[in-house]
Amino acid sequence: MTLHKLSAGDGYLYYTREVASADELRSPDRKLGDYYTVTGHPPGIWGGRGAKNLGVQGDVTEEQMELLYGLGQHPLAGQMDPVSGEKIQAQLGQRYKRFDQFDGELAKKINTALGDFTRLKHREPTADERRVLRAKAGGEHFYKLHGRKPKNKEELSQFISRQTHKGSNAMAGYDMVFSPSKSISYLWGVSDRKVQEVIEKAHHEAIEDAMKYLENNAVFTRRGKNGIRSEDVDGGLIYTSFRHYDSRDGDPQLHDHIVVSNKVLGMDGKWSAIDGTVLHKYAVSASEHYNARVMQNICRDLGLATTQRTVEGKRPIAEIGGIPLASIEAASSRRSNIKAQLKNLVDEFEDKHGRAPSPKQLIKLSQQATLETRAEKKKGLSLSELTERWQDKFSTVPGALVGDELFAAARKYSARQEPVYTPIDKLPEEQIRELAQSTITRLEQSRATWNQAHVEAEVRRQITNQYQAQPVSDAVIAQVRATAIDSLSLKVTPDLPVPAPVAGAVVAVHKYQKPHAALYTSETVLEAEHKVLQAARTDVIPAVTVDHFQSVLDSSEGRLNEQQVALAHEFSCSPKLLVAGIGPAGTGKTTSMKLTVNAMKQADHHVIAVAPSAKAATLLGHEVGVEAMTVDRLLASEDKLSPGDVVIIDEAGMIGTTQFLALIEQAQEHGALVRAIGDDKQLAAVGSGGILRLLNHEEQLTHLEEIHRFRNLDGTPNLGEAAASLALREAPAVGKDDPWAYYRSEGKIKAGTTCDMADHVFAAWQKDTNEHRTSLMLAGTNEQVAALNQKAQAYRLGNNELDPTQKILGRHDTEIYVGDVILTKNNDRRLSVHQGKDFVKNNDSWIVEGIESGHLLARHQQHHGLAVIPADYVAESVILG
């Protein structure tokens, strides 16, 4: 389950525009299954315990959605109350505030033009076509307001931007999307109607259970100034549920949008907003609740069993056993046809103009090819039509199964597993304790503190992993949670003091403490933090004397500032077992570490550089000239350290507390020293983190604060951008906090739709590339990165920079050609490179130089070593870079 905020206004239209709305569908005796043969999605239905407070039930109309979610008013406003006979008043507390500062007329004209294009052309407009339509509508509106044409494109563009820019709106509620695992959606999508009905029923029941769970645990409102007091609600949530059948790409994806209204009725009879803080805290736990219930319901009702599907970088995902992986992959990702489409567009261009397109024209053709191969918004299709399409489509995929053959394979797998479906209402005390301990152990690995929602979510994961298809009662889950919190956790949030009783007053101190806000930790975490701090206070023998360090400093080349020298001096000459330093990116950490390593080497110390990733460790080792490895590898090498060795930890802020302590204890056992450098404001540790911040707070660490990275075109330091980069890390102690001021004043911030921004990013990258500059495209998701990489590859293919006659398939069947830039995504020390000095590592960048006998020949982009990468590694761990 995912949870997103819904703004007031017309955001509700997304949920109603694809609903099957023929008159016959409004019949009250119709069920969701009746829409199997009717075009469009089923209409939304009212739900939640709070719906009774509004007197709404059954199907949702667009008018009701507009009143409740668009305006924050009663969805039956203006109608006659059947009980009282009086007209229903619109007000439900405060009406939603609207802060839109834009010209509604122009926005309407543009939306109408875009909509007309889609209806007439039966496709969405391309980026260029959208710009033309916007410009035409904007030009006409400009003339209407000013009586003249715009002076130039810039004036028109600024006018359209000002007139159509939307400010922030009040929050109307939350969009919760419940979708089962991919194997369930696939089984549902390609099976007969009987199987589909069972899965839909299980899906619906699981959603109802999850929403009741949220109502019982996470629904509150606020009262008093700044919402200081917590208040229970009368009934519960008010929501509408919309069933959708497929993904944007047309693949089977059974999912429901649960659109939760922000309006709740307090126990004092007043309407107000949900306390969203608590709702967000319990979102993950509710998701785990749904995931477990839907899988258990389906396995029980269809006689199936579960299996675990591994996903890189994530926990295993529970899937229906017996569903081929080929089926899941075929139904969850789109094989892009950009390359073939670009070739067609290039051929058309050459036929029309008698020449090849220029680089600039090829960029536009690449963009057009990407848009034209993107999945279009689909016309409404009935579920029966979709099912027939999916069965026809996936029956041709090698290894995939559909229909009865698929269901038989799932039942055959289940027969071998002999799953148990009997509900578990009670467990022995010993098992309760074991589950509670495994819950806390897992939490200790991922965070330093936790709250009740974290514990609840992890308890459900542990129970689902152990009992799989067997439903476990809420009472047992509550027992495990209580044991984990009361017996195995330590509360670190102090309780509010209870005031002395006053005659006639009601003492309700708990109302002034946010619900479920208490934080917990464990003895294991506190002990680890204490031991790390003790290491920073433990005297041993310094690696270098002060005189020796000064001698090395005097003979060193290059300029170091006072902070860099101070850090190197502390690392070299301190007698402490552990010394740490803070250095943001661009402050010259590497330069300081070079001085440190030179001093230590000249004093006959062996230095080892470690980091969370192999790439980071190798980079530091190469730059300072020492042996390098990952933290995990050093911890696994018990005899790697000797007395007098020094371990330098890079990116220390990204190392979990337990790993940090393990490094210290291993070094101490072998008579070695530990030196750690990192940024306490950097990306947090994957595991239980915060230890670098704790060290900085307790031990007054040495800081590097002078930024060296940014330069003007003439080579002088860019002090403005240096200061701005530091402002992004931390708010000022006094004055206005506006970290984006510099970037706005320099015109370095651009805004637009995801599609438009992707086009801008690609165009900028291609311009840099054509000018022989090194350029990097960044995007927010893996999907966006993959799309940009495919667009770049398509451009280079069209420009004859790649060899289309030699290709190999990478991860997700990505086509890789000779000349492509690729990334390897897994560490494999068996694949050595650079005369054995390096190996194929996660996130290394390479250029493909050849494909021989199914293997890939790739040149490392930094040290230029040539690697022979086997086909099986390529298929599993190579992507476009």
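Ten aromatic pairs are counted in this predicted model, where rings of Phe, Tyr and Trp (its six-membered ring) pair if their centres lie within 6.5 Å, and planes under 30 degrees apart count as stacked, over 60 as edge-to-face and the rest as tilted. One of them joins Phe-178 and Tyr-290 in an edge-to-face arrangement, with 5.2 Å from centre to centre and 65 degrees between the planes. Because Phe-178 belongs to strand β3 (residues 171-178) and Tyr-290 to helix α9 (residues 283-302), the pair ties together parts that are 112 residues apart in sequence. Both Phe-178 and Tyr-290 are buried, that is, under 20% relative accessible area, with exposed meaning over 50% and partly exposed in between (1.4 Å probe, protein chains only). Elsewhere, Trp-188, Tyr-245 and Trp-390 form one aromatic cluster.

Rings also meet charges: Arg-460 lies over the face of Tyr-213, 4.9 Å from the ring centre, by the rule that NZ of Lys or CZ of Arg is within 6 Å of the ring centre and within 35 degrees of the ring normal.

As for confidence, the pLDDT (the predictor's confidence in each residue, from 0 to 100) averages 84 over the protein, and 87% of the residues score at least 70. Over residues 20-35, however, the pLDDT is below 50. Where pLDDT is low, the predicted coordinates should not be read in detail.

Residues are numbered from 1 along each chain as its sequence is written, and side-chain values use heavy atoms, with hydrogens and water left out. In this predicted model, local features need pLDDT of at least 70 and side-chain atom pairs count only at pLDDT 80 or more, while totals for chains, interfaces and linings use all residues.

Notes:
Helix = DSSP H or I, 4+ residues; strand = E, 2+ residues; numbered from the N terminus. Contact = heavy atoms within 4.5 Å.
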